[in-house]
Every structure is written in C-alpha cells, then in structure tokens.
Amino acid sequence: GISRLEPGAAIRPHTGPTNRRWTLHLGLVVDAADVDRLTLTVAGTARAGAWVQGKVVLFDDSYEHDVVHAGARDRVVLDLSVDH
C-alpha cells in the first residue's frame, strides 16, 4: 500500500509477524532536503537517509524496527511485503 509519514512523526519500535518476508519501500515522494532527516532503525542499526525518491529500501521486518521523521515535508512510499 501507500504509506505517508508527516514531519515530526515517529513509528514506535515493532516487529513483523514472520521472518518469511521482506519489506520493500519505494520512495514516491521524498524531498531531497529531508533525506538525511528521515531515519530507519532495524535491529539497532540506524540509517539516516534510508529513503530517496525513486529508490528502494529492503529490510527484514521480523527484526525490531522504527522510523523517525525529523524533516519538513511528508514522506510517501509504496510499502510492499515480499515472501522469500
């Protein structure tokens, strides 16, 4: 589906239901000025700049993960689950 995150928002740490899938995010609307102010943390490893417009982020959501949006504009991604 489509996931929109507003500036100042955070998604609390959580895990997916199984380790048999990956989560794929395709950056649809990611302001270039916000790239380094969007942080995805997976299994304790933080990645500022994880989302870039037109690029894919792939991670195993069975690991604890969270998001912090410290940017100025909405971040919109296509959020898909891929079985493996």
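Two strands are taken to pair if DSSP finds at least two bridges between them. Strands (E, at least two residues) and helices (H or I, at least four) are DSSP runs, numbered from the N terminus. In this model, Leu 24 has Leu 58 of β6 as its bridge partner.

The model is predicted: local features need pLDDT of at least 70, side-chain atom pairs count only at pLDDT 80 or more, and totals for chains, interfaces and linings use all residues. Residues are numbered from 1 along each chain as its sequence is written, and side-chain values use heavy atoms, with hydrogens and water left out.

For β6, Val 57 and Phe 59 make up the covered face, while Val 56 and Leu 58 make up the uncovered one.

## The sheet that holds β2 and β7

Another open sheet consists of 4 strands in the order β2-β7-β4-β5, with antiparallel pairing. Its edges are β2 (10–14) and β5 (45–48); each has a single partner strand, so one side of each is left without a neighbour in the sheet. Here the neighbouring strands are turned by 15° against each other on average, direction ignored. The antiparallel strands β2 and β7 are joined by 3 bridges, and His 14 stands opposite His 65 in β7.

## Salt bridges

Side chains of opposite charge can pair when their charged atoms come close. A salt bridge is defined as a side-chain nitrogen of Lys or Arg within 4 Å of a carboxyl oxygen of Asp or Glu. The structure holds 4 salt bridges, including those tabulated here.

| Side chains | N to O distance |
|---|---|
| Glu 6 and Arg 4 | 3.0 Å |
| Asp 74 and Arg 4 | 2.9 Å |
| Asp 31 and Arg 73 | 3.6 Å |

Arg 4, Glu 6 and Asp 74 are linked in a network of salt bridges.

Accessibility is classed as buried under 20% relative accessible area, exposed over 50%, and partly exposed in between (1.4 Å probe, protein chains only). Arg 4 is partly exposed at 48%, as are Glu 6 at 43% and Asp 74 at 29%. Asp 31 is partly exposed at 24%, and Arg 73 is partly exposed at 48%.

For charge, Lys and Arg count as positive and Asp and Glu as negative; His and the chain ends are not counted.

Asp 60 lies in the loop between β6 (56–59) and β7 (65–69). It is buried yet has no salt bridge, and the nearest side chain of opposite charge, Arg 21, is 7.3 Å away. The side chain of Asp 60 does make a polar contact with that of Ser 62, at 2.7 Å. A polar contact is a pair of N or O atoms within 3.5 Å; within protein, one must be able to donate a hydrogen and the other to accept it, and residues adjacent in sequence count only if both atoms are side-chain atoms. With contact meaning heavy atoms within 4.5 Å, Asp 60 touches Asn 19, Arg 21, Trp 22 and Val 42, not counting residues up to four places away in sequence.

Asp 34 is located in the loop between β3 and β4. Asp 34 is likewise buried and without a salt bridge; Arg 37, the nearest side chain of opposite charge, is 4.2 Å away. The side chain of Asp 34 reaches the backbone nitrogen of Ala 72 at 2.8 Å. Leaving aside neighbours within four places in sequence, Asp 34 is in contact with His 69, Gly 71, Ala 72 and Arg 73.

Methods. Axes fitted to C-alpha atoms, helices over the stretch in contact; angles between N-to-C directions.
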